[in-house]
Number of protein chains: 4
Amino acid sequence: MPAKTLLDETAQGVFTIAATPFLPDGALDIESLDSMVDFYEARGATGLTILGIMGEAGKLSAKESGIVIDRVTARASVPVVVGVSAPGLAGIKAMADTAMERGAAGVMVAPPATLRTDDQIIGYFQMVAEVLGKTPWVLQDFPLVTEVQMTPRVIRTIMDSCPTCVMLKHEDWPGLEKISTLRRQEAEGARRISILCGNGGMFLLEEMLRGADGAMTGFAYPEMMAEVVRLTKAEDEGRARDVFDAYLPLMRYESQPGLGLAIRKHILAKRGAIAHATVRRPGTVLSAATLEEIETLIARQEARLAALG
Amino acid sequence: MPAKTLLDETAQGVFTIAATPFLPDGALDIESLDSMVDFYEARGATGLTILGIMGEAGKLSAKESGIVIDRVTARASVPVVVGVSAPGLAGIKAMADTAMERGAAGVMVAPPATLRTDDQIIGYFQMVAEVLGKTPWVLQDFPLVTEVQMTPRVIRTIMDSCPTCVMLKHEDWPGLEKISTLRRQEAEGARRISILCGNGGMFLLEEMLRGADGAMTGFAYPEMMAEVVRLTKAEDEGRARDVFDAYLPLMRYESQPGLGLAIRKHILAKRGAIAHATVRRPGTVLSAATLEEIETLIARQEARLAALG
Amino acid sequence: MPAKTLLDETAQGVFTIAATPFLPDGALDIESLDSMVDFYEARGATGLTILGIMGEAGKLSAKESGIVIDRVTARASVPVVVGVSAPGLAGIKAMADTAMERGAAGVMVAPPATLRTDDQIIGYFQMVAEVLGKTPWVLQDFPLVTEVQMTPRVIRTIMDSCPTCVMLKHEDWPGLEKISTLRRQEAEGARRISILCGNGGMFLLEEMLRGADGAMTGFAYPEMMAEVVRLTKAEDEGRARDVFDAYLPLMRYESQPGLGLAIRKHILAKRGAIAHATVRRPGTVLSAATLEEIETLIARQEARLAALG
Amino acid sequence: MPAKTLLDETAQGVFTIAATPFLPDGALDIESLDSMVDFYEARGATGLTILGIMGEAGKLSAKESGIVIDRVTARASVPVVVGVSAPGLAGIKAMADTAMERGAAGVMVAPPATLRTDDQIIGYFQMVAEVLGKTPWVLQDFPLVTEVQMTPRVIRTIMDSCPTCVMLKHEDWPGLEKISTLRRQEAEGARRISILCGNGGMFLLEEMLRGADGAMTGFAYPEMMAEVVRLTKAEDEGRARDVFDAYLPLMRYESQPGLGLAIRKHILAKRGAIAHATVRRPGTVLSAATLEEIETLIARQEARLAALG
């Protein structure tokens with residue numbers, strides 16, 4: 001099934017980074033893929049990103065990845081982006097071809113950790129664009145995990161030489177100046193691209209005010225992100241900040257590296273998005289103290305949202 | 001001048017990680033050292049930590065480091081801990097001897113990035129303890145920067161074999177379970193040590209509830225940390241969370257790696273603690289957009305604190 | 001086709017790390033898989049290791065990996081070890097099951113770069129052993145690439161708790177003391193394991209004298225490794241050193257990180273083992289100067305071997 | 001005492017990276033500084049580099065560093081380069097001023113590990129050049145240790161914008177193409193700089209043939225380096241290779257990371273260059289097996305050199 005629509009530079013809103021649900025024994029939980037898609041869409045997702053780092057993509061066999069792509073693209077009514085990062089171009093191409101044939105709207109590629117110099121980074125993504133052919137793709141900029149630093153000039157060079165690169169997944173930290181610089185380059189004539197931001201949503205407020213088009217991250221409350229995006233676009237900054245601040249204590253708690261995924265899945269399970277909070281091994285099991293801390297944070301969050309009206 | 005008191009396992013409260021103030025031309029700002037000490041103490045600091053990573057210690061010459069130690073220990077009425085991490089034991093010893101002669105209460109040592117295995121880490125700190133002699137010292141656990149991972153068992157082995165190690169500066173992320181495990185080991189008979197927490201204060205609330213004794217970090221509002229420590233010890237958790245949440249949006253903004261120090265110094269200068277926000281080169285200069293974002297966050301913080309009463 | 005024999009602790013000699021041959025357009029060169037197997041066996045290989053780091057495993061699609069396993073196990077008359085390192089246990093298990101069904105003698109697993117502490121490393125490999133079931137496996141210790149440091153104690157703990165781990169691929173650098181320590185532990189009662197060494201053969205002479213059982217590396221002249229192993233076991237150390245030294249200038253040249261694979265494939269193609277020297281993208285193309293340097297080194301090596309008689 | 005001559009772009013030959021000798025109790029061995037200088041000069045050193053990574057600079061106190069500079073510049077009749085890498089520009093400047101006042105011919109600076117992008121690297125060294133003023137300096141390119149990758153374009157940009165940068169210490173691995181590219185840039189009009197090579201001498205033969213001006217490394221037999229430099233310049237490549245190959249087995253053994261310094265000091269002590277092989281803690285103590293391996297390699301090396309005539 002080819003995609004209804006292909007991803008392009010006008011993408012905006014909230015592309016939720018989707019979790020991959022598992023049964024308690026670690027097997028893929030196929031039913032939960034459906035309920036999770038429904039959950040995200042009902043809470044304002046304008047797109048979905050699957051098989052990313054947070055989606056435990058590395059822990060899936062090739063066959064399982066195919067099942068996830070099929071099921072999510074079949075269920076979703078919004079565009080689906082598929083993470084296809086792999087050590088070699090052959091693997092990227094094979095995965096991307098599979099994804100696009102099955103209905104994805106585009107793919108996402110992160111740089112391998114071996115890249116260091118500007119030329120290496122640019123050269124790598126130009127090869128990626130070549131093997132991807134006509135497939136639209138997202139450049140993932142996530143230095144904390146990839147250890148690859150891309151300057152605005154490097155990103156711009158990639159965008160200029162690769163017309164099929166339509167979006168930046170922005171996850172540099174600190175990264176606010178990078179958004180401003182990229183938008184300034186566009187004001188001076190460069191092709192406009194979509195910028196969706198990660199970092200668990202922790203800087204979404206400022207990212208939007210700097211010129212981002214939305215969020216691409218997996219915070220367990222997509223409705224917060226949808227609302228902050230909507231309010232900042234409507235220039236209701238005060239209300240946007242109120243909403244953002246109400247969710248911040250929990251967002252912060254969910255941002256703990258490694259642990260964060262388990263917390264996120266716990267909340268998604270609690271909210272009914274998926275049936276089980278299982279993280280595939282090797283992974284983390286939450287302690288009783290952690291579960292209690294989450295409950296307290298959720299309770300306070302709800303009280304504060306209620307007070308906001 | 002020897003220290004009025006030496007650091008020991010009963011240390012608690014807020015040991016502020018002090019900035020090092022510079023004049024606009026990059027020279028050491030000696031007058032501001034005094035005003036900064038006064039500022040921190042007036043806002044609840046129960047100790048000061050100087051010449052740490054955040055204190056730009058690496059950018060000072062040996063002579064300048066000596067001046068900072070002298071001035072701060074002379075001015076402070078609370079215990080002063082001096083960061084003495086260095087590539088070699090000779091450098092650590094030289095720096096520690098200088099610090100203690102001039103009135104420091106103890107020193108702090110972080111592991112060099114080359115350490116990997118448990119045995120390497122334990123062996124390194126046992127050598128450190130040996131060269132430090134009777135000087136009380138703080139073990140700095142900051143994997144995000146040092147790239148050295150210490151398990152609770154490793155920390156405990158160091159504590160058991162080095163009686164002069166009286167405090168853990170806890171800055172693992174995620175690190176809440178580590179606090180719980182260390183306290184459990186103590187409940188089972190291990191020597192009790194002081195645990196003061198870093199991470200810019202972003203998890204201070206939960207850290208206190210897990211058993212920490214306080215904070216050792218440089219957030220530009222030490223009064224928040226003092227209040228959260230006081231309230232959690234008084235078991236007024238609700239109020240502690242209200243205070244914590246009020247400061248969280250700015251704390252989050254200050255937590256941006258690299259950029260954070262410039263933000264912190266800007267706020268300290270704005271609050272009158274130091275005369276200039278200068279960061280020594282190589283360092284960051286804040287953009288107009290960043291300065292504006294800080295102003296907004298401060299204004300909202302003040303409004304929220306006012307509403308709290 | 002199940003393996004004729006399973007890998008066990010008695011393995012010795014030269015397990016050549018096999019290259020993966022490609023056609024000039026980058027497609028898998030299936031015919032060359034046969035000629036390469038014949039080449040290695042004719043020059044003294046007592047085993048083959050496929051789909052390792054040097055085998056460009058990360059650049060193959062899952063389907064291509066299956067083809068390589070099938071073809072090599074069908075052709076080889078010596079045991080075949082298959083590299084199955086993957087980010088998740090599910091991927092490791094799927095790959096290992098495929099390999100063993102198709103006739104492999106065992107599999108090899110390297111630790112993911114995220115492991116740091118002793119407990120993390122031990123825990124990881126115990127999970128690996130559990131999912132591998134009865135499949136014999138090789139523990140790959142290659143800190144320069146994996147960034148994971150395993151002490152002899154950690155390796156011994158893994159060996160003790162995982163009876164299916166039958167071999168250490170030793171590639172620490174420096175690693176001679178590690179071999180001595182592991183053999184000493186065995187002299188004191190620990191289970192004896194096979195130790196085959198990597199590092200491009202650059203330390204094979206000393207490794208054998210410290211107690212290794214042979215080599216597992218991809219130097220383009222397997223006959224050197226077979227001869228050094230034979231001579232050191234026959235206690236003809238002088239002759240072993242003469243042979244080793246004759247090959248050392250080229251071995252050194254082939255040891256250049258990144259570039260080394262292209263050099264190795266160039267020599268393998270020149271020697272008729274494979275039809276083309278192609279390295280899959282992203283990879284290196286050798287300059288004219290490099291090709292000339294290789295020719296000079298080969299000519300001198302041949303002259304020196306001739307002089308040796 | 002100002003330097004007799006300042007370092008400039010015509011530097012060539014062998015700048016030995018000098019060890020720092022210690023007494024058995026770890027104190028600086030000042031007498032050995034003299035004998036070491038004499039030893040290096042008598043064996044063909046055309047310059048000396050002190051307080052580099054291999055010189056255990058990080059393990060010296062500031063006072064000790066000053067003593068080493070004084071003693072070596074007083075004794076040496078060849079130019080002395082002083083390593084002044086430090087986390088901050090103030091430290092670099094203080095150290096460089098001290099070195100130049102005391103008679104150094106120039107200083108050497110390596111990039112801090114935090115630099116990643118081309119612009120960060122260029123910007124950093126432009127600041128370094130600015131604070132160094134008129135002092136001639138050497139750019140140290142050692143990615144295996146610094147983790148900073150500099151392309152030929154980046155190096156060229158630094159050379160073009162910083163006329164006081166007169167030499168590249170080349171220690172990339174693989175790095176032969178880099179030398180060729182830099183020399184090609186010069187043939188096309190760029191300013192010619194001196195290129196001296198590191199890597200323990202392991203690629204000196206090819207480095208000279210690619211256009212290097214000599215070696216800057218610490219192999220315990222400087223006479224090998226002097227001879228290979230002389231012979232390649234005299235275009236006696238065959239003899240140069242014979243000499244190089246004779247030393248290669250030991251050079252390889254000395255190249256083991258971490259361990260190498262202890263091996264080097266052991267040989268220097270054995271050869272009478274320094275009184276004791278002591279490495280300052282934390283450091284390595286050589287095992288009996290290692291000492292025996294060194295003896296065997298030296299004996300074979302001597303036999304081979306004798307056979308060469």
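User: Is C:Cys165 buried or exposed?

Analyst: Burial is judged by relative accessible area with a 1.4 Å probe on protein chains only: under 20% is buried, over 50% exposed, and in between partly exposed. C:Cys165 is buried, at a relative accessible area of 0%. A:Cys162 is likewise buried, at 2%. This is a predicted model, in which local features need pLDDT of at least 70 and side-chain atom pairs count only at pLDDT 80 or more, whereas totals for chains, interfaces and linings use all residues. Residues are numbered from 1 along each chain as its sequence is written, chains are lettered from A and ligands numbered from 1 in the order in which they are written, and side-chain values use heavy atoms, with hydrogens and water left out.

User: How many disulfides are found over all chains?

Analyst: A disulfide is a pair of cysteine sulfur atoms within 2.5 Å. The search of the whole structure finds zero.

User: How many residues are in contact between chain B and chain A?

Analyst: Contact means heavy atoms within 4.5 Å. By that rule, 31 residues of chain B touch 30 residues of chain A. Buried area is the accessible area (1.4 Å probe) that two parts lose on being put together, summed over both. For chain B and chain A this is about 2800 Å², with 57% on carbon and sulfur atoms. B:Trp173, B:Arg252 and B:Arg300 supply 23% of what chain B buries there, more than any other three residues.

User: How many salt bridges cross the interface of chain B and chain A?

Analyst: A salt bridge requires a side-chain nitrogen of Lys or Arg within 4 Å of a carboxyl oxygen of Asp or Glu. Eight are found across this interface. One of them joins B:Glu293 to A:Arg210, with the closest N and O atoms 2.7 Å apart.

User: What is the area buried between chain B and chain C?

Analyst: Chain B and chain C bury about 810 Å², and carbon and sulfur atoms give 53% of this area. On the chain B side, B:Arg116, B:Thr117 and B:Gln149 lose the most area to chain C, together 53% of what that side buries. Eight residues of chain B are in contact with eight of chain C, and the count of salt bridges between these chains is zero.
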